[in-house]
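Have the sequence and the 3D view open as you read.

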Amino acid sequence: MFKLKNQTLLTANQSFKPQNICSLASALSNLDDDQSIHQSNRQKTPILTTQIQVPDPKFYLSALINCKNLQQIKPLHAHLSINGLINDPFLINKLLYMYVRYNALDDAHILFDKMPERNPVSWSVMIGGFAKAGSYINCFDIFKEYLRSGQRPDVYTLPAITRVCRNTQDLKMGRVVHRIVYKFGLHMNTFICAALVDMYAKCGVIDDARKSFDTMKDKDLTTWTVMIGAYAACGNAAESLVLFDQMQEHGIVPDKISMVTVVNACAKLGAMNKAKMIHDLIQKQHHSLDVILGTAMIDMYAKCGSIDSAREIFDKMRDKNVITWSTMIAGYGYHGQGQKALELFPLMSKNRIKPNNVTFVSLLYACSHSGLVEDGLNIFSLMQEKYFIKPDVKHYTCMVDLLGRAGKLDQAFDMIENMNVEKDVGLWSALLSACRIYNHVEMAQKAAESLLEIQPHNPSHYVMLSNIYAKAGKWENMAKIRAQMTNQNLKKTPGFTWVEAQNKVHKFSSGDHSHCESNKIYEKLTSLVRKLEDCGYVPDTEVVLHDVNEELKLGNLYAHSEKLAIAYGLISTPEGTVIRMTKNLRVCGDCHTFMKFVSVVERREIVVRDAKRFHHVREGVCSCGDYW
């Protein structure tokens with residue numbers, strides 16, 4: 001008797017042909033190498049003289065399931081054909097699945113084309129197989145053929161093709177699939193709706209994702225998590241946290257994956273009060289600080305303004321990978337603590353963690369934001385000479401930023417000219433920012449020209465060059481740049497500042513009067529400016545880059561979103577507490593000075609996360625050392 005995994009495969013009978021036994025024995029010799037097979041081979045002659053009954057389909061199902069490679073699958077395929085079982089729908093679908101599982105898509109496609117009858121499982125297997133292999137064109141072709149066959153799409157094929165639309169970000173095809181979903185009345189199916197939400201979210205169509213989400217009667221944890229992550233990915237982290245609260249109100253208990261998602265959303269929002277609430281929930285639910293969750297929490301606390309809390313999480317983690325170390329180093333970097341970032345680097349080696357290219361980006365970033373030029377140059381050399389990591393454009397961008405901030409513009413430009421990797425927007429933007437700091441108009445023009453070749457319709461490039469011209473008093477050049485923006489209908493990205501108060505995050509724009517306490521805010525700001533001026537504060541009207549009189553410049557300065565947020569923070573938070581703010585653009589020079597005076601006069605610490613880094617302002621001193 002033949003055996004596979006302790007199952008009886010063949011029994012003696014009077015009706016089996018000898019040549020079929022040889023074929024089956026050949027297949028089985030590939031499937032199993034245990035003692036029973038070897039014994040069967042030794043007894044080959046007696047068996048061949050005995051006629052045996054063909055095994056039933058259950059045998060082949062079991063054999064296919066136990067196949068470990070393509071060499072084991074093909075003999076079984078041959079034997080199914082010989083014994084006339086190739087038309088069994090269960091067997092052929094299992095065979096098709098096994099070909100796909102081991103990435104034998106050509107064999108799978110040949111088998112699929114020869115199938116006399118295809119059911120939804122067959123179509124799903126082929127669509128899923130091509131999708132897994134990244135063969136999206138074939139995937140779409142199979143789906144179109146499926147529709148032409150007249151069969152009704154089901155809850156397996158539609159989510160599969162929707163995920164392909166997500167992976168390819170093919171919104172047009174995704175909408176076609178959505179219409180098919182409605183046509184067949186499957187728009188209320190949880191699995192299909194969840195796939196549509198995910199697809200629209202990945203395609204950046206957040207409103208359509210939300211519509212699909214809202215139509216679902218029964219939302220499971222996965223769907224809530226996808227929608228929460230989608231809002232964070234599209235830049236609306238505040239709505240992510242609102243959804244997270246709603247999810248819990250609906251009785252859905254978050255798991256570790258959903259906690260990681262909301263932790264990442266909180267990191268993008270930068271709200272410390274939310275970070276503490278999320279941390280409390282993690283502790284309440286006894287989630288362990290594994291590498292993924294722990295690293296996400298380090299990032300969250302660092303981006304919410306508490307690098308000390310981030311370090312506490314880091315120190316508590318038992319297991320850390322290279323991403324964990326790199327995240328902690330990066331956190332020190334954008335908090336302006338470059339030396340502490342560098343101190344972590346040798347500890348990585350002691351813990352047998354090999355740095356990767358991301359680690360060196362974090363280290364170089366830390367050096368550039370702390371003015372550690374020599375350390376940065378040494379790290380850049382060490383990366384190549386000791387760790388054999390070839391610098392990419394991100395490493396070069398950090399180096400250009402490092403040299404540019406230190407005033408070494410010619411050296412930075414030479415590095416760009418001599419580098420062997422493709423130059424991108426970030427690289428030229430770093431040089432252009434350095435030109436703004438040191439008012440190097442000629443080099444700024446070169447950088448701006450290169451930027452506009454890559455992104456001709458990005459308004460921020462025009463604005464930066466325009467501001468450089470204005471600072472240099474070249475009003476005609478500035479006017480030409482502004483005219484180009486007008487002709488192309490390009491508008492400057494508006495500046496916003498968010499401030500935490502009363503367990504909420506409040507948003508302000510320049511000259512904003514939309515807040516319900518707007519009158520109190522402006523009253524506080526007026527009195528605050530008088531107090532600061534008595535202490536020596538002089539508004540820096542040079543940062544108002546318009547050719548207008550001083551009075552209008554002062555009006556523009558006092559209406560900056562940072563100042564409105566500070567005024568609201570002062571009237572809505574307890575005395576002595578930290579005012580925490582987030583700015584979507586770089587903090588202007590005058591607001592930076594303004595904050596230092598406020599920290600002294602009002603005896604408040606102010607923590608600001610702008611587009612570049614963190615500013616911890618305490619007793620008239622900023623953690624950036626005025627190096628930003």
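How many salt bridges does the structure hold? The count is 19, where a salt bridge is a side-chain nitrogen of Lys or Arg within 4 Å of a carboxyl oxygen of Asp or Glu. Before going further, note that this is a predicted model: local features need pLDDT of at least 70, side-chain atom pairs count only at pLDDT 80 or more, and totals for chains, interfaces and linings use all residues. Numbering starts from 1 along each chain as its sequence is written, and side-chain values use heavy atoms, with hydrogens and water left out.

**The overall picture**

The protein has 33 helices and eight strands; helices (H or I, at least four residues) and strands (E, at least two) are DSSP runs, numbered from the N terminus. Of its 628 residues, 49% are buried. Here buried means under 20% relative accessible area, exposed means over 50%, and partly exposed is in between (1.4 Å probe, protein chains only). Among contacts with a separation of 6 or more, 65% are between residues 24 or more positions apart, a contact being heavy atoms within 4.5 Å.

| Pair | N to O distance |
|---|---|
| D214 and R210 | 3.0 Å |
| D299 and K303 | 3.3 Å |
| K563 and D590 | 2.8 Å |

Take D214 and R210. They sit four residues apart in helix 13 (residues 206–215), so about one helical turn separates them. D214 is partly exposed, at 45% relative accessible area, while R210 is buried at 18%.

D299 and K303 are also four residues apart, about one turn, this time in helix 18 (residues 291–303). D299 is buried, with a relative accessible area of 17%, and K303 is partly exposed at 29%.

The side chains of K563 and D590 form a salt bridge too. This pair links distant parts of the chain: K563 belongs to helix 32 (residues 561–572) and D590 to helix 33 (residues 589–601), 27 residues apart. K563 is buried, at 0% relative accessibility, and D590 is buried at 0% as well.

**Helix 18 and its neighbour**

Back to helix 18, which packs with helix 20 (residues 322–334) at an angle of about 5 degrees, their axes 9 Å apart. Axes are lines fitted to C-alpha atoms, for helices over the stretch in contact, and angles run from 0 to 180 degrees between N-to-C directions. The two helices are therefore roughly parallel, a label for angles under 35 degrees. On the helix 18 side, the contact includes D299 and K303, along with V291, T295, I298 and A302. Helix 20 contributes I323, T324, T327, M328, G331 and Y334.

**Helix 28**

Which residues of helix 28 are buried? They are P459, H461, Y462, V463, L465, S466, N467, I468, Y469 and A470. That is 10 of the 13 residues, so helix 28 is largely enclosed by the rest of the structure. Its buried residues pack against helix 26 (425–438), helix 27 (441–454) and helix 29 (475–487).

As for length, helix 28 (residues 459–471) should span 18 Å at 1.5 Å a residue, and its end C-alpha atoms are 18 Å apart, which agrees. The expected span is 1.5 Å times one less than the number of residues. Just after helix 28, G473 takes a positive phi of about 75 degrees.

Note on methods
Angles under 35 degrees count as roughly parallel, over 145 as roughly antiparallel, 65 to 115 as roughly perpendicular and the rest as oblique.
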